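Visitor: I would like to go through a model and learn how to read its core and its charged pairs. Where do we begin?

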Amino acid sequence: MDFEFGLVVAGLAVGFIVGMTGVGGGSLMTPILLWFGIPPTTAVGTDLLYAAFTKMGGVYVHHKKKNINWTITAWLSLGSIPAALLTLWILHSIKTDITVLNNVIKQGLGWALLLTAVAIIFKKKLLLLSQKHAGDKFHSESNTQNLLTVIIGLILGAVVTLTSIGAGALGTVTLFFLYPLLATPRLVGTEIAHAVPLTLVAGLGHASMGNLDLGLLAQLMIGSLPGIYVGSMLSGKVPDLFLRNAIAIMLFFVGYQLVF
């Protein structure tokens, strides 16, 4: 597509917010792309690769800080990657009008945004609840915990592939619930490490179906790379609660508009 300065600014803004708050870029970027008039299929496919490339830098930093539990990442991927491939196969196999497919993805986007908004708002309460039940059976028995992790991966794989949303906020909240005794930086690092292969596989799958705009991706990356750097440097300078609640309200409003 032709160069559009507004898309660079959008990449800069989303990168800045992700760097400062850790809120998933897909939750913010995909609705913005729809607002710019990008078709839902192209918005999802492009945003998935945008997320994969953006979070690769995060994996490098978190790995150096030893903030990644690679075992949990592996269990999540065991569910999410096959689910992503199955979802891609279903999308590819459905012989339907592109308008119908766009409407399906739009509905999926709306519900994913609503769930993400709720997850952001109640994140701390969910964390306290999970810590309260940290001694429960599914926390203390590793086999049960591993199975639940794979199931969470399955759900995330399908949701993220269909909508490009969920790998960040929803992934982190579910990890908080399953692993309440794991330090928060390690949970965040693990979620980012899992998001990279998932969004990369899903993004490449969408690209193979023609749901990718390389010009659009390049413009977003031009803005997001410096945005993430500056946002990471300023992390903690702005009240986290204020930012997260503001983002959650915005996502809920956009999700409501898409669904209803």
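Guide: With the largest nonpolar core, which has 33 residues; Leu33, Tyr50, Leu109 and Leu220 have the most contacts inside it. A nonpolar core is a set of buried Ala, Val, Leu, Ile, Met, Phe, Trp, Tyr and Cys residues joined through side-chain atoms within 4.5 Å. Buried means under 20% relative accessible area, with a 1.4 Å probe and protein chains only. This is a predicted model, where local features need pLDDT of at least 70 and side-chain atom pairs count at pLDDT 80 or more, while totals for chains, interfaces and linings use all residues. Residues are numbered from 1 along each chain, and side-chain values use heavy atoms, without hydrogens and water.

Visitor: Which element gives the largest share of this core?

Guide: Helices are DSSP runs of H or I, at least four residues, numbered from the N terminus. Here α5 gives the largest share, seven residues. A second, separate core of twelve residues includes Ala119 and Tyr179.

Visitor: How many salt bridges does the structure hold?

Guide: Side chains of opposite charge can pair when their charged atoms come close. The cut-off for a salt bridge is a side-chain nitrogen of Lys or Arg within 4 Å of a carboxyl oxygen of Asp or Glu. The structure holds one: Lys55 with Glu191, at 3.5 Å, N to O. Lys55 lies in α3 and Glu191 in α10, so the pair ties together parts 136 residues apart in sequence.

Visitor: Are these two residues buried or exposed?

Guide: Lys55 is buried at 13% relative accessibility, and Glu191 is buried at 4%.

Methods. Helix = DSSP H or I, 4+ residues; strand = E, 2+ residues; numbered from the N terminus. Buried < 20%, exposed > 50% of the residue type's maximum accessible area, 1.4 Å probe, protein only.
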